[in-house]
Amino acid sequence: MSAAVPPVGIDELLERVRAAYERIGPQEAYEASLDGALLVDIRYQALRERDGLIPGAVVVERNELEWRLDPQGSHRLPEAVSHDLRVVVICNEGYASSLAAGSLHALGLRRATDLTGGFQAWRAAGLPVTPP
């Protein structure tokens with residue numbers, strides 16, 4: 001019988017997940033999108049309706065993310081054609097997106113990252129937003 005793994009708190013879990021890849025800021029995310037990266041907005045509907053959308057970003061509810069971005073999956077987005085796809089996950093403030101990016105890495109999407117500060121940082125940087 002193997003020893004039980006001690007539990008970790010969310011702060012430690014985030015630190016571990018984020019250590020596995022390089023997060024990017026709003027301007028770098030914008031430039032990556034111009035260079036073909038897929039921006040994926042995982043915010044829930046009420047936040048999108050309140051704050052608006054990032055033009056060109058695809059909206060994928062968090063609970064569907066892995067199914068929609070798995071290049072081998074039967075429910076994948078048309079854009080999810082390769083494990084080499086550059087993906088930038090965006091949540092509201094940059095916490096849930098880190099866990100989501102970690103999950104995408106576990107699926108083999110090694111170029112997945114997330115936006116530090118999330119949608120709020122994007123908007124604060126003055127980058128394009130389609131109003132609600």
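Predicted model: local features only at pLDDT ≥ 70, side-chain atom pairs only at ≥ 80, totals over all residues.
Residues are numbered from 1 along each chain as its sequence is written. Local features need pLDDT of at least 70, side-chain atom pairs count only at pLDDT 80 or more, and totals for chains, interfaces and linings use all residues, while side-chain values use heavy atoms, without hydrogens and water.

Helices (H or I, at least four residues) and strands (E, at least two) are DSSP runs, numbered from the N terminus. Two strands pair if DSSP finds at least two bridges between them. The open sheet has 4 strands in the order β2-β1-β3-β4, and the pairing is parallel. Strands β2 (58-59) and β4 (112-114) stand at the edges, each with a single partner, so one side of each lacks a neighbour in the sheet. Strand β3 (residues 87-90) is joined to β4 by 3 bridges. Val87 stands opposite Ala112 in β4. Helix α5 (residues 96-106) packs on the sheet and touches β3 and β4; contact means heavy atoms within 4.5 Å.

Ser98 belongs to α5. Residues touched by Ser98 include Leu14, Tyr21 and Asp114.

In helix α2 (residues 26-34), the buried residues are Pro26, Ala29 and Ala32. Seen down the axis of α2, they fall within an arc of 120° (taken from the directions from the helix axis to the C-beta atoms), so they line one face of the helix. These residues pack against β1 (38-41), β3 and α6 (118-124). Gly36 follows α2, with a positive phi near 105°.

Technical notes:
Axes fitted to C-alpha atoms, helices over the stretch in contact; angles between N-to-C directions. Buried < 20%, exposed > 50% of the residue type's maximum accessible area, 1.4 Å probe, protein only. Lists of a residue's contacts leave out its neighbours within four places in sequence.
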